[in-house]
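Subject: Structure handover

Hi,

Here is the structure you will be taking over. My notes on it follow directly below.

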Amino acid sequence: MAAASGLSPAGTLFFSSLCASTFGLGCWQAQRYVEKIEQIERREEELAQNPVELEKDAKCSLAEAMGAGVDFNRNANEVEIVRGHKPVVIKGKFLHEYELLVGPRGPPLGALSSTGPNSGRSQGGMASSPQGFFCLTPFERANNMGTVIVNRGWIPRWDIQQNAAWKRPNGDVTLVGIPSKSEQPRFISPPHDERHPKQLLWFDRLAIEDKSRTTGKSPLLVTETTNTHASDGDGPPFKPSKESVGEFKVSTTTHAGYAVTWFGLSGAGIFMTRKLITRGRA
């Protein structure tokens with residue numbers, strides 16, 4: 001019977017597998033759509049909480065340290081804290097002599113403008129948005145509470161090229177921020193430019209700890225936030241608003257679009273496969 005049809009058994013198996021694969025991808029994207037909605041709701045709930053004081057010797061997560069290949073010292077009886085996006089308040093002083101720059105990158109979301117190429121939303125990365133560097137500075141907490149790395153905000157490339165001065169608060173300060181993560185090395189991660197030892201191309205935890213003299217401490221990375229914008233007269237480093245920290249790069253709309261596309265391809269494949277199988281039959 002298979003020989004009398006318009007499609008051989010091997011062809012039937014091949015096209016059927018394509019239909020099943022695209023249907024599975026549609027199901028996966030539909031699942032990611034639901035999960036993303038839950039993640040967004042959880043993130044918004046956490047960001048709305050009042051800032052709490054960070055615990056002593058706050059460290060990055062074990063998964064982040066292992067992914068970066070750094071030594072991680074944690075007491076066997078110590079329970080790892082699940083931080084999420086809950087705001088924290090820290091007191092202490094910056095160690096500006098160990099300041100680092102990471103980039104070039106586009107500005108933080110909404111730091112320069114709420115819309116357009118300066119918003120960091122429409123293009124971002126290496127596209128038409130202005131380019132600059134994020135300023136990372138070790139922060140020695142008061143009362144021997146340990147050291148964290150603070151992402152103080154974004155500095156335009158022009159300011160750095162012109163050796164312009166930016167704000168470097170001295171003495172004891174109190175700031176509010178959101179616990180953040182460094183970037184995991186990929187299969188092909190670009191090497192840092194050795195000609196600029198104080199600049200990194202990506203948020204490389206191994207290099208950050210080495211250049212900030214915090215090797216072995218696995219310090220938590222905190223993104224400092226603000227409620228003001230550049231238009232209010234605030235100078236660099238430009239800080240993101242609390243609401244924009246940790247925004248997902250892939251939106252729910254994108255997941256829904258992918259799901260519709262894969263389901264559509266699967267449906268079209270089923271229709272065409274059926275036509276091929278029944279071709280030539282009376």
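The buried residues of α1 pack against β6 (173-180) and α5 (252-278). Contact here means heavy atoms within 4.5 Å. Buried means under 20% relative accessible area, exposed over 50%, and partly exposed in between, with a 1.4 Å probe and protein chains only. Helices (H or I, at least four residues) and strands (E, at least two) are DSSP runs, numbered from the N terminus.

This is a predicted model: local features need pLDDT of at least 70, side-chain atom pairs count only at pLDDT 80 or more, and totals for chains, interfaces and linings use all residues. Residues are numbered from 1 along each chain as its sequence is written, and side-chain values use heavy atoms, with hydrogens and water left out.

Helix α1 covers residues 9-47. Its 39 residues should span 57 Å at 1.5 Å a residue, and the end C-alpha atoms are 56 Å apart, which agrees. The expected span is 1.5 Å times one less than the number of residues. Buried in α1 are Gly-11, Cys-19, Thr-22, Gly-26, Gln-29, Lys-36, Arg-43, Glu-46 and Leu-47.

α5 has 27 residues. From first C-alpha to last it reaches 39 Å, close to the 39 Å expected. Its buried residues are Thr-252, His-255, Ala-259, Ser-266, Gly-269 and Thr-273. They pack against α1.

Overall layout

The protein holds 5 helices and 8 strands. Along the sequence the pattern reads α-β-α-β-β-β-β-α-β-β-α-β-α. Of its 282 residues, 39% count as buried. Take the contacts between residues at least 6 apart in sequence: 74% of them join residues at least 24 apart.

Ser-212

Where does Ser-212 sit? Its place is the loop between α4 (205-211) and β8 (221-224). Ser-212 is buried, with a relative accessible area of 3%. Its side chain reaches the backbone oxygen of Ile-208 at 2.5 Å. That falls under polar contacts: a pair of N or O atoms within 3.5 Å, where within protein one must be able to donate a hydrogen and the other to accept it, and residues adjacent in sequence count only if both atoms are side-chain atoms. Leaving out residues up to four places away in sequence, Ser-212 touches Tyr-98, Leu-100, Pro-138 and Ile-149.

Cavity and pocket

The structure has 1 cavity of 30 Å³ or more. On a 1 Å grid over the protein atoms alone, a cavity is a set of points where a 1.4 Å probe fits but cannot get out; a pocket is an open set with protein on both sides within 12 Å along at least five of seven lines; lining residues have an atom within 4 Å of a point. Points are joined across faces, edges and corners, and a volume is the space filled by probe spheres set on them.

The largest cavity holds about 50 Å³. Its lining is Glu-64, Ile-149, Ser-182, Arg-205, Ile-208, Glu-209, Pro-219 and Leu-221. α4 gives the largest share, 3 residues. By class there are 4 nonpolar, 1 polar and 3 charged. Ala, Val, Leu, Ile, Met, Phe, Trp, Tyr, Cys and Pro count as nonpolar, Asp, Glu, Lys and Arg as charged, and the others, Gly among them, as polar.

The second largest pocket has a volume of about 180 Å³. Elements giving two or more residues to its lining are β3 (100-105), α3 (157-161) and β7 (199-200). α3 supplies the largest share, 3 residues. The lining divides into 5 nonpolar, 4 polar and 2 charged residues.

Best wishes
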